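Please read them alongside the coordinates.

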Amino acid sequence: MVCGLVGVILAVAIAAVIAIGQFSLAEIWRQLAIDRTIELASSSARPAPARAEPAIPRLIVQSSRAMSGEPVPLGLALQGPAEGAVVIITGLVPGMELSTGGAVGADAWQVPATDLSDAWISPPESFVGSTDLVAELRWPDNKIADRQTIHVEWVPPVSPAPPQRQLDREEITAAPPISPAPAQRQLDREEITAAPPISPAPAQRQLDREEITATLPISPAPAQRQLDREEITVLLDRGKHLIANGDLAAARLVLQRAADANDAEAALALAATYDPIVLRELKVYGFTADAAMARAWYQRARELGSAAALQRLEMLTTGAR
């Protein structure tokens, strides 16, 4: 058994010597270096993971249309981050103003990008027509990130037909009496005999079906659209927001539209924009008050059911709260 074990050990030693002789240490080291080079090349050939590109801010545009004299939304919205950016509006008609931001030229206005949702345009008095405004989104370093065109239009208001005035009893009594028609003289037999025969009137021609079909129908006059409760609420909230920001000119335009739709709260708020006592409390000294207009709208609010309108009228008359 000992001799057999020694023989196995010798056989393994001889095989190792033969293997080392066939593959030298230099060849083994060279093969390891080649394998490492191939591994590095394959790893560098793999595509690097894509980096997420930063979102680019964009301006979303919506055209606006309104009656003459009414403010309209600017129609701009911001998509994407734009910290510190501003929007420059150019192409304004003389007398046209925005409810937020400030003028930066004769026909230009600057609005912070974060205030676009609160921006409204007030047209010049009695302006009718359309205009194309150019909006530029600019970074704090004045580089332009986006540019869009806004179409805004004002149409003439539809004037309702004046109601027919009813005559009172005094006017009916004072009207001249209607003279009766003179009695027709009876002809005697000789005049009847001497009179020429009366030619029969030509028979009226009946229209056929084609002529009736070809007759154009008369289109009824378009009726003025009435504001619903939701639209009145939006106008009322917008008017109060403008008053809080000190923009009374735009607030009057918005509130008058809601008050004309017979809303008592809108009429009360509109009267307050003319009330000299309210303007003093709001510390609005550069805006003209009108006590007569305030009294008229307070009276209108009272007729529409406002309980506070009577108290406001008394305060306006006495001049004290």
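**Notes on the predicted model**

1. S122 is buried, at a relative accessible area of 14%; here buried means under 20% relative accessible area, exposed over 50%, and partly exposed in between, with a 1.4 Å probe and protein chains only. The residue sits in strand β9 (residues 120-122). Leaving out residues up to four places away in sequence, S122 touches P71, G95, M96, E97, A250 and L253, where contact means heavy atoms within 4.5 Å.

2. On provenance: this is a predicted model, in which local features need pLDDT of at least 70 and side-chain atom pairs count only at pLDDT 80 or more, while totals for chains, interfaces and linings use all residues. Residues are numbered from 1 along each chain as its sequence is written, and side-chain values use heavy atoms, with hydrogens and water left out.

3. Overall, the protein has 11 helices and 11 strands. These are DSSP runs numbered from the N terminus, with helices being H or I of at least four residues and strands E of at least two. Of its 321 residues, 26% count as buried. Among contacts in the protein with a separation of 6 or more, 56% are between residues 24 or more positions apart.

4. The second largest pocket has a volume of about 400 Å³. A pocket is defined on a 1 Å grid over the protein atoms alone, as an open set of points where a 1.4 Å probe fits, with protein on both sides within 12 Å along at least five of seven lines; lining residues have an atom within 4 Å of a point. Grid points are joined across faces, edges and corners, and the volume is the space filled by probe spheres set on the points.

5. Which residues lie nearest the centre of the second largest pocket? They are P71, V72, P73, W120 and R257, out of 24 lining residues. At least two lining residues come from each of β2 (64-67), β3 (72-73), α6 (229-244) and α7 (248-260). By class, the lining divides into 14 nonpolar, five polar and five charged residues. Nonpolar covers Ala, Val, Leu, Ile, Met, Phe, Trp, Tyr, Cys and Pro; charged covers Asp, Glu, Lys and Arg; the others, Gly among them, are polar.

6. V111 lies in strand β8 (residues 108-112) and is buried, with a relative accessible area of 0%. Apart from residues up to four places away in sequence, V111 touches V86, V87, L98, T100, G101 and L116. One of these, G101, is 10 residues away in sequence and 4.4 Å away in space, C-alpha to C-alpha.

7. V61, in strand β1 (residues 58-61), is partly exposed at 31% relative accessible area. Its contacts, aside from neighbours within four places in sequence, are G75, L76, Q148, T149 and I150. V61 and T149 are 88 residues apart in sequence, with a C-alpha to C-alpha distance of 7.6 Å.

8. Helix α10 (residues 291-303) has 13 residues and spans 18 Å from first C-alpha to last, close to the 18 Å expected at 1.5 Å a residue; the expected span is 1.5 Å times one less than the number of residues. Its buried residues are A294, W297, Y298 and A301. They cover an arc of only 105° around the axis, so they lie on the same side of α10; the arc is that of the directions from the helix axis to the C-beta atoms. What covers them includes α7, α8 (264-272), α9 (276-281) and α11 (308-318). A296, also in α10, is partly exposed at 44% relative accessibility, and its C-alpha is 9.5 Å from that of A267, 29 residues apart in sequence.

9. In α11, the buried residues are A309, L313, M315 and L316. Their arc around the axis is only 165°, which puts them on the same side of α11. T317 and T318 are exposed on the other side. The buried residues of α11 pack against α8, α9 and α10.

10. Two backbone angles deserve a look. N142, in the loop between β10 (129-138) and β11 (144-155), has a positive phi of about 75° although it is not a glycine. N262, in the loop between α7 and α8, also has a positive phi, near 65°. At 48% relative accessibility, N262 counts as partly exposed.
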